[in-house]
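Dear colleague,

I am passing on the structure below, and I would be grateful if you could look through it alongside the notes that follow.

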Amino acid sequence: MNSIDLMVLEHENILSLVKVIRNACCRILEGYSVEVNDFRDMITFARTYADKHHHGKEEQILFREMMERLGPTAVNLIQHGMYVEHDMGRFHLGELEQALERYEATQNAIDKLEILVNSGAWANLLQRHIDKENNVVYTYARRSLADDILQNIDVEVERFEEQAEDDGVQETALQLLKQLTGKYSS
């Protein structure tokens, strides 16, 4: 599997988390309690798999090559689009984490609202972001980068994957996702 196909596959796992988050938020709206530890697990998956692992490959390998080789269009697309959205996702996760801490201490409605708002904002952002990457950014990379550059990207991504596998990143994250999906399937 080439690196871009792998990133598309990872998007499917991230979209599974988006569904989990939405289902968890709907349960709260239906009157169920806020499962703080489950939301913390969702943040852990988002930070380790979606951000560090998946975005790591994009930012350190694919996007770097695109900006170096494809000129101002790629630089604008990556710097003013993808990087901004990655940072916005990190912002929402941080805000969610802070709201969970406050809610755990005081269990008030305003922090419950902040949990819902930031969870939903992260989920919506990632859904739109993934659509852009799959249908615009990755298509542009495949069409515009030379075959030898795409092969070099594949080699770098393979090394990245091997290191992550040695560290148990994928296995741990996907097991966590499986647990959350089992609990929050609709």
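At what angle do helix 2 and helix 5 pack, and how far apart are their axes? Please keep in mind throughout that this is a predicted model. Helix 2, which covers residues 36–106, packs with helix 5, residues 169–183, at an angle of about 140°, and their axes lie 10 Å apart. Angles over 145 degrees count as roughly antiparallel and those from 65 to 115 as roughly perpendicular, and the two helices are therefore oblique to each other. Where helix 2 passes helix 5, the crossing is left-handed.

On the side of helix 2, the contact is made by D38, D41, M42, T44, F45, T48, Y49 and H53, while helix 5 contributes V169, Q170, A173, L174, L176, L177, L180 and K183. Sorted by class, the residues of this contact are nine nonpolar, four polar and three charged.

The structure holds one cavity of 30 Å³ or more, and the largest cavity contains about 50 Å³ of space. Its lining consists of A46, A50, D51, H55, H86, G89, R90, W122 and L126, and the elements that give two or more residues to this lining are helix 2 and helix 3 (109–144). Helix 2 supplies the largest share, with seven residues. In terms of class, the lining of the largest cavity divides into four nonpolar, three polar and two charged residues.

With best regards

Conventions: Residues are numbered from 1 along each chain as its sequence is written. This is a predicted model: local features need pLDDT of at least 70, side-chain atom pairs count only at pLDDT 80 or more; totals for chains, interfaces and linings use all residues. Side-chain values use heavy atoms; hydrogens and water are left out. Axes are lines fitted to C-alpha atoms, for helices over the stretch in contact, and angles run from 0 to 180 degrees between N-to-C directions. Helices (H or I, at least four residues) and strands (E, at least two) are DSSP runs, numbered from the N terminus. Angles under 35 degrees count as roughly parallel, over 145 as roughly antiparallel, 65 to 115 as roughly perpendicular and the rest as oblique. A crossing is left-handed if the near helix is turned anticlockwise from the far one by less than a right angle, and right-handed if clockwise. Contact means heavy atoms within 4.5 Å. Ala, Val, Leu, Ile, Met, Phe, Trp, Tyr, Cys and Pro count as nonpolar, Asp, Glu, Lys and Arg as charged, and the others, Gly among them, as polar. On a 1 Å grid over the protein atoms alone, a cavity is a set of points where a 1.4 Å probe fits but cannot get out, and a pocket is an open set with protein on both sides within 12 Å along at least five of seven lines; lining residues have an atom within 4 Å of a point. Grid points are joined across faces, edges and corners, and a volume is the space filled by probe spheres set on the points.
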